[in-house]
Structures are given as C-alpha cells and as structure tokens.
Amino acid sequence: MALPSADLGDGTYRNPILDADWSDPDPLCVGDDFYLTASSFGRAPGLPLLHSRDLVNWTLVGHALERLEPAGEFRNPQPDRGVWAPSLRHHDDRFWIFWGDPDRGIFQVNAPAIRGPWTRPHLVKEGRGLIDPCPLWDEETGEAYLVHAWAKSRSGVKNRLTGHRMSPDGTALLDEGKVIVDADLIPGWFTLEGPKVHRHDGWFWIFAPAGGVETGWQGAFRSRGFFGPYEERVVLEQGSTRVNGPHQGGWVRTAAGEDWFVHFQQRGAYGRVVHLQPMRWGTDGWPVLGDRGAPVPVHRKPDLPAQPPSAPATDDDFPGGRFGRQWQWTANPRDGWATQHSGDGLRLTCVRTADAHDLRRLPHVLTQRMPGAAATVQVDLRLDSEEPGARAGLVVLGDAFGWIGLQREPGGSVRFVHRFAETVAVGAPVVRTGPREGEREAAPGSAAPEDRARLWIEIGAGARCRFSYDVGAGRQPSGQVFAATGRRWTGALLGLFALAPPGSGHAGAATFTRFRVTPAR
C-alpha cells in the first residue's frame, strides 16, 4: 500500500505530487513514459527511479546505484555526502544519470533500460566542490556538453555555473571549463546552483535556482551559444502563495507537446517535497511557469490518458524476509544484516556495536522517507535475542531522534523502552538517561512477557510525533511529544533497527511484521 495519490479524481491534481523527501528531482520523458530521479546522499541503494504515465501518479521502480563508491568511504553514515542533485537523460538508446559527489567529483552511470542493468559509477571529472552536473547532447551539431555548479563548503566557490565540452560517450570532459554564468554579476542573485541545460527554439536554455533552498526562486537563462553570454529571468517564485522557495527541478515535455516543470519545496523535517507546475512559452520566447510565475496548489492534469491513482509504496509485509524498494540503509550494506526465510517478516540481525547509544552513527538502520502529511506508523516487533542489552525498535531519525522498542534486560526479561537524543552541534549527542531529563520508559507493568510489542508513531502537524505501544495489555501512550528534525539536506526518516552491545558470537535477531503507514483521517 501507499499514501494517497495527488490525483483528485476529477481531472485535476494537487501539489505536492510527491509528498515526501524526493530531493532535487529531475524528470524525463521517453515515449509515453515519465521517469524521475532524486538525490539520495549517503543512503544505499541510491539514485531512486520513479515511473509515471501522467506526471501525477508515481511508483518507485528501483535504484540505479546499488552501493556508493568508493565503498569503504561509505561504510558508516554520511548524511550530507554522496549523491547530490542528479540529472536523468536519455541518449543513444540508453538512460544516463550524472551526479556530483561534493568530495570526489562528477560521476555517471548508464543502462539500456530504466530497470537496468546499470553500469558501475564512472568518474567523469575528479575534484572537490563539483556539484549538480547536467549533460547535453546537442542533436543539431553533434556536440556534447556538461554544465555544473559549485559547493563553497568544498571549493571556496559558489554562485556560478561552469560549462565544458564533453566526449560524446559521456566518459570525459574535454577542456578545463569556462564560467558561463557568474551570478555575482547579477544584482540580488546568490547561491546559483542546480542547472539543467536544454536546447529549444535555437537557444541554449539553463534552468537553475538561486537564493537558497528555503526562500529561493527558479531562474532561466538563455544564449545562442553554449558558452554564453546568457541573459536571465526569474520564472518561478513564492509570490503570495504558501509555497516557500519553489526551487530546483526540471522541464519535461510530453509526447503531445505540453510543457511541465517539476521542482521541490523545502518543508523542514519533511524534507523536499515535489511540485508540478504547468509551463508555457510566452510571446517574448521566455518560459512562464505556474500561474504567471507563482506556484499552483491545484491544476488540471496533463493531457494524457487517465491512470489509476498511485504513489510510492510505504507499507510492507516483508514476504520471505525481503524488504520493498522504499527502504534504504543509512550506509553501504553488509552481508547478514537482514536474512531471508520462508515466512513473512523482516528479520534483522542484532548487530554488535559500540555506538548503541546513538542511532545516527549506525549504518544498519533500515529507513524510508517520512510522509509529508499527518499519518500513523505501525509495526509489530518480536525480539529473538537472549543477549543482555540487545534491543530493536522503530525510530524517527534526524539530527535528533526518538525511538520505541524492546530490550533484553540482564535478568533475562524483555521490556518496552523509549529513548531519544537531542540535536547537538559538536561532539557526542546528549542521550537522555532519566525521567527528569526526558527519557520516557513505559509505566510499571511494561514488561513484554511474550517478547513482543506493537509500536505506533503518530505524526501530526509540524512533524510532531506521539509514541505508543502494546505489549499485551492494550495500547498505551509513551512519553512526551517529539519534534522530528531533518539532517542538513534531508528530511527525517522512519527506521527499523536491531543491535547488541560489543562482544563475541551471534547476538540473535529481531523480527518486524506488518509495517503500515496510514494517513490521518
């Protein structure tokens, strides 16, 4: 099952079309099919691949990146590194994805079909601070180009776009590059990034946002030559709407010739949700996005055949111990974290770790995106470990985290536990250790005599979360309201985990069944 579609069923849709953290979306049309990829940062698998037939109803069909490379560098969580702002293209009967790793350079993978097989990552250009690359194969001239932005945190440079000639096979850049847009020279423009380059009506077009993710705007640039000079215009901004920073995305044209623009909106703990704007070309030759440059909340759907309502899956019964495509590890996975079996249910190994006190440091947390609307998350848990200190649970994971679950006590019993940690800027996180400091254990009688619990997290307005549980005596609330937080560039995550203290030997496992995300009524 999935959360509700953005399709209103009457020929219209509502924004956002993807109400979760699908950061830096880039759409593509190939024939009658639409595809979309997004940033995945340090999670694995990376480079999600979504499919639609109408730009409104989407499903997740796979990932292009099985694990991040170099693999050893991503053995542990790197939430602000890895895959930044990919570009998805189709050329020479292949799908191509280019992305920037801000610490290593520009990579690409390609495949004959959207479901693969995808090649291993190829380093197109090495360097720090090279981000948001987008290729262009110019069908008019046969030339190939690439444009990218800069991350000041790595390079000391930002607010400019650099263009290169590229080899037609997409494996190398053929020159040192030239600054083709310097936004320091454009009054009022700052943090120019996320370029997407196209050819249209005899012009080179670059769609690129500026102004920062929370309050920025979408710009468009055009030039008769790839290397400039470019003229610019703001084509989408908040205006009087409630959509802050309509920002960073891509233009897509349907087979029928309609133009649409996909972009994100930064929504705090929910991350970057995805909007769809109508697009047309004005009499002066410039694109007009949304309602005369402002985001639309509701609009008629694209003129395409009707499709059944759909949205990326959230629920999971874990058949045979396998988890759905919506799940990602917080770092590159290792063998043995999840084991397949003949029944239903996710069987997670209680991985031994010295970082049991801080789930942010663990690579073996299995996560999915937190929904952008009010919902209730539910899962059943059984702790199959006899190891004292072994624990497993359901977590809301961000710069701060809160979790509920089960723990094996030194005397052998299993108890319900509820813990959280605050956001900290430097050093180890502060983990609450007693009732007066904020940790909320279950009330007396919270032992789990059958080593089982049903766990709930109710996500309300403002990503405020309420926890509850049932260990056999009925549903009970636990603790105070927890305000979920994102992590630097990402929204909060829902996660499942199992762990044990350091030691030797197998520490057992935990089994999760019937994971559900139910929209609030």
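## Overall architecture

The secondary structure of this chain amounts to 1 helix and 36 strands. Its radius of gyration is 24 Å, close to the 24 Å that the globule rule gives for 521 residues, so the chain is as compact as a globular protein of that length. The model described here is a predicted one.

Along its principal axes, the C-alpha trace spans about 75 × 50 × 45 Å. Of the 521 residues in the chain, 60% are buried. Among contacts between residues at least 6 apart in sequence, 58% join residues at least 24 apart.

Strand E15 (residues 203-210) and strand E16 (residues 217-223) are paired in the antiparallel sense over 7 bridges. Ile206 stands opposite Phe221 in E16.

## Salt bridges

Side chains of opposite charge can pair when their charged atoms come close. The structure holds 34 salt bridges. One of these joins the side chains of Asp103 and Arg128, with an N to O distance of 3.3 Å. This pair links distant parts of the chain: Asp103 lies in the loop between strand E7 (94-101) and strand E8 (105-111), whereas Arg128 lies in the loop between strand E9 (122-126) and strand E10 (130-137), 25 residues apart. Asp103 counts as buried because its relative accessibility is 17%, under the 20% limit. Arg128, with a relative accessible area of 45%, is partly exposed.

A salt bridge also forms between the side chains of Asp380 and Arg454, at 2.6 Å from N to O. Here too the pair links distant parts of the chain, with Asp380 in strand E28 (residues 375-384) and Arg454 in strand E32 (residues 452-459), 74 residues apart. Asp380 is buried, with a relative accessible area of 14%, while Arg454 is partly exposed at 32%. The side chains of Arg382 and Asp384 meet in a salt bridge as well, at 2.7 Å from N to O. Arg382 is partly exposed, at 26% relative accessibility, and Asp384 is likewise partly exposed, at 33%. Elsewhere, salt bridges that share partners join Arg81, Asp103, Arg128 and Arg154 into one network.

Phe98 lies in strand E7. Its relative accessibility is 0%, so Phe98 counts as buried. Phe98 and Gln108 are 10 residues apart in sequence, and their C-alpha atoms are 4.3 Å apart in space.

Thr353 is located in the loop between strand E26 (351-352) and strand E27 (366-369). Thr353 also counts as buried, at 11% relative accessibility. The side chain of Thr353 reaches the backbone nitrogen of Asp355 at 2.9 Å. Apart from its neighbours within four places in sequence, Thr353 is in contact with Leu362, Leu499, Ala500, Pro501 and Pro502.

## Backbone geometry

Most residues other than glycine have a negative phi, and most peptide bonds are trans. The peptide bond from Asn15 to Pro16 is cis, with omega near 0°. Pro16 has its place in the loop between strand E1 (12-14) and strand E2 (26-30). The peptide bond from Glu69 to Pro70 is also cis, with omega near -5°, and Pro70 is found in the loop between strand E5 (58-65) and strand E6 (84-91).

Leu47 has a positive phi of about 55°, although it is not a glycine. This residue is found in strand E4 (residues 46-52), and Leu47 is buried, with a relative accessible area of 0%. Asp132 is not a glycine either, yet it has a positive phi of about 55°. Asp132 has its place in strand E10 and is buried, with a relative accessible area of 4%.

Notes: Residues numbered from 1 in each chain as written. Predicted model: local features only at pLDDT ≥ 70, side-chain atom pairs only at ≥ 80, totals over all residues. Heavy atoms only, no water. Salt bridge = Lys/Arg side-chain N within 4 Å of Asp/Glu carboxyl O. Helix = DSSP H or I, 4+ residues; strand = E, 2+ residues; numbered from the N terminus. Buried < 20%, exposed > 50% of the residue type's maximum accessible area, 1.4 Å probe, protein only. Polar contact = N/O pair within 3.5 Å; in protein donor to acceptor, adjacent residues only side chain to side chain. Contact = heavy atoms within 4.5 Å. Pairing = 2+ DSSP bridges. Rg over C-alpha atoms; globule rule 2.2 N^0.38 Å.
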